[in-house]
Amino acid sequence: MTLEQVKTLLCSPAEDARGMTRWWWYGCCVEEVEICRELDYMKEAGIGGVELQILYPVTPDDEEKGFYNIPYGSPRFYEILAFTANACAERGMAFDFTAGSCWPYGGPTVQLEDAQQEALPYQLDVHGPQTFSCDFTTRFAGEVCAAVMGKMEHCVMQADTVTDITDKFQIKELFGWPWGTELAEIDIPEGDWKLVFFVISQHRNRVGKPSRDAEGMVIDHCSRRAADRFFGEVVKPVLERVPGIRSIFCDSIEVEGHNWSGVLLDEFRRRRGYDLTPYIYALWGDMGEMTPHVRYDYFKTMSELTIENFFDPLTAFAHEHGCTSRIQAHGTWGDILRVYAAADIPEGETFGDHRTLEVNTIHRRLAASAAHIYGKSIVTNETFTWLKRPRFTETLEEMKAAVDAVFLDGMNGIVNHGYAYSPEKAGKRGWPFYASTHINHTVPWWHLYRNLGEYIHRASAILRTGHPVSEVAVYLPQADVYADNMLSELHLAMRLEEHLGRAEMDAIQKAGYWFDYINDEALCDLGDIRDGALYLAQNAYRVILLVGCTRLPVQTAEKLRDFAACGGILICDGVPDEGCGLVGHRENAARVRALMAEAAPITVSDRKAALIAALRAHLIPDVTLSAPDAVGYVHRADEADHLYFLSNLSNDARDVTAVFKYGTGSPAAWSVNTTAQIPIAADGGGYQFRMEAHESVLVVFSPQMEAEVLCSDPVPQRNFSLTGWILDIDGRQIPMETPTAWETLPGLAHYAGTGTYRTEFCVPEDGIGIPMRLEIGGLSVAARVSVDGSTVGDLWTHPLCLMLPPLSAGIHTLCIEAASTLINEMMVDGSYEVCPDVLDGWPYYGAVINSHRRARLNCMREFREQKAPVPSGIWGDVILRY
């Protein structure tokens, strides 16, 4: 890679690397003119595409105001979608579509037999001998799917006493109508017995926040019939009528209570080789040594069903209709890496305030690992969800920090969360989404967002160059998580992070080892074990870590033995000694123990300091940083070239020393913030370079790189302060000696918008024709700087300085147009406009709209939590140095 090629990568990145945004349409209350206006805003801001999500209404139909909520699936619905897809194509923007309305998948076409199921465990303690029966009418609402009785000893159900009593539950009729359920007489032998029955609740989960005419039940994510019907009845009509959709999007798997399926019992018997019904109590209580094995088999079956019957068919369906799939897998109980890999584009998520340097296993690292080991070149991230509390306080610099945390976890595409459709007639601030960072044309700093948009574009392009490099793999102890958990709608990603330890995984990263997670399929079916490494996609993993792993499938244990035998480094904090699954569990456990004895892993006393020490004793870190708690890295290789993306997530500038394991020759470095090449110098066994606060740097080692020595910028010798300012704001002109934050000024405490600070200065004779550095003391969000009416540049991250062009002698006018956040305006009143009880237009009842406005649009949190206005504008000394 030559210097010119790097400059092209930075200054002319591929268009498809641009960031995207989720675009919310409330109630599908949209019009063509506004759609075009908002797409133009996005295009101008550097956003490369939209992911459309149609959700709950926030306004009733009102002919006078021009509001009409387009019914989901109506002719007008398809017409407006086709118009939007074409409008995106005309602007060179991608158009992705969330199937169904909102999330999870479901809607009005879903019938009861295809709906998500939740099994509710009931139990009764009975002492025998006696004949027992019970009328359960009105005592539960649902259908018994499995029932057993078993003798209890010391709180453990004895497996050899279990009797299937499912057929003893009968329908009770009232005047010939099914009315309830009763348990027919059963003989209870002597002793303490427990009756256990699982009831499929008749109250089914429904689509969370649907649009007009899109209400309905959530589909059974384990049923192929349910998936095929949903794809055929809901998604296919869209794809047939709306050409130009790039990807079908599946949002996070938030299917509360989905712990059963109508196909489970039959599929369990076929796949696991025994009937689950006699052992259902093991899913909820204790049946002795078989308990973890039954639980493993249950979750393993549910995993296979959701992958084979929902996720894989979703991608196949998209391909059949000329689209790709983009899937968020977090929330699923399925083999998490395999679920992400079902997508053409796996997608993670950043939920909450993640502006820190930290491995996020739940929402990011798992998605990135799946992309790496399954050979997916792009892995995106839903970014800025609930970034700060309260809303409307986010700055562009804080958003960049959140983006960099995403990049450092291995992602290379950003999807903003997000852009709320907001026509002018919706009011000055539009319809902000309740769980997002409000990133649209109604925020005061929108005209400055392009700085972040272009940064995302550059960084994403860098992180799509070549392939990721990692030599350390952490095996996911999914078998342990499955075996340890009761009947549940298991959030596997969350449980895995808890089991592994968030701090422990982060410590591996900060010790200089970028790692990927791997699963059984990667080891057993995808990988090539040879020459001391596990080869997956284009990566060679030389170390495999077993953390919190007590049980292994036999085939996985065999592969780990082979890995160690060929010279791979196997480290564990405890040697696995259990197998997986009930059938043959004793033989499997013995085989696992024998294989682990052959593998002879390096065993450490803890997964903290001892684990890191063992790693360092056997593998040189990829990158050793002088400030690992503030600066993170991603390593990519492109043939003989090695590219290192580094980001400083702290608020302080740092002189960083980095030792690169694969750094040979003379490297070159660039600021990804500015695209300028920066000095990098050899320092002992490493290299030193300067990183400003929130700066990202690209370091490149390449045999093609021309040697070039860059000198640091000369230190300014002279300076002078600028005084005598006028603030133009909200129709007023306010004189001040030095810039003052405007919320401190009379009448402006709750003003949100822009204000221009203006002054004049004379260039000293010794400064004529010399570039000058402008420095400001403080900045609320971002500002645009101009001299004599010509824009010089924007300030939006630290350091708060900007180089002015050489100026001639005489008087010059400096203007700094600053933008604020929205919070000072939005904190004033938390109320929302209340609709009357009865409306003339759909939905005809004001309570329907009021409930959405109360939950989604109101600003009560901002009103309660933001006690005082935040600084707005600029403040402090403004200095010119030369």
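Start with helix H18 (823-826) and helix H19 (846-857): each supplies at least two residues of the lining of the second largest pocket. Keep in mind that this is a predicted model. Now select Val 58, Ala 426, Trp 431, Glu 833 and Arg 853, which lie nearest the centre of the second largest pocket among its 33 lining residues. The space here is about 770 Å³. Colour the lining by class and you get 15 nonpolar, six polar and twelve charged residues.

Next, go to the largest pocket, with a volume of about 1,500 Å³. Of its 42 lining residues, select Glu 692, Glu 695, Asp 713, Pro 799 and Cys 801, which lie nearest the centre. Then show helix H10 (450-462), which gives the largest share of this lining, four residues. Other elements that each supply at least two lining residues include strand E33 (686-691), strand E39 (772-779) and strand E41 (790-795). By class, this lining has 20 nonpolar, ten polar and twelve charged residues.

Now move to the barrel. Select strands E1, E2, E3, E12, E13, E14, E15 and E16, which form, in that order, a closed barrel of eight strands with parallel pairing. On average, neighbouring strands of this sheet are turned by 30 degrees against each other, direction ignored.

Finish at strand E14 (residues 345-351) and strand E15 (residues 380-385), paired in the parallel sense over four bridges. Phe 351 stands opposite Thr 385 in E15. Across E14 and E15 lies helix H8 (residues 361-373), running at about 165 degrees to E14.

Definitions and conventions. Residues numbered from 1 in each chain as written. Predicted model: local features only at pLDDT ≥ 70, side-chain atom pairs only at ≥ 80, totals over all residues. Heavy atoms only, no water. Pairing = 2+ DSSP bridges. Axes fitted to C-alpha atoms, helices over the stretch in contact; angles between N-to-C directions. Contact = heavy atoms within 4.5 Å. 1 Å grid on protein atoms, 1.4 Å probe; cavity = no way out; pocket = protein on both sides within 12 Å on 5 of 7 lines; lining within 4 Å. Points joined across faces, edges and corners; volume = space filled by probe spheres on them. Nonpolar A, V, L, I, M, F, W, Y, C, P; charged D, E, K, R; others polar.
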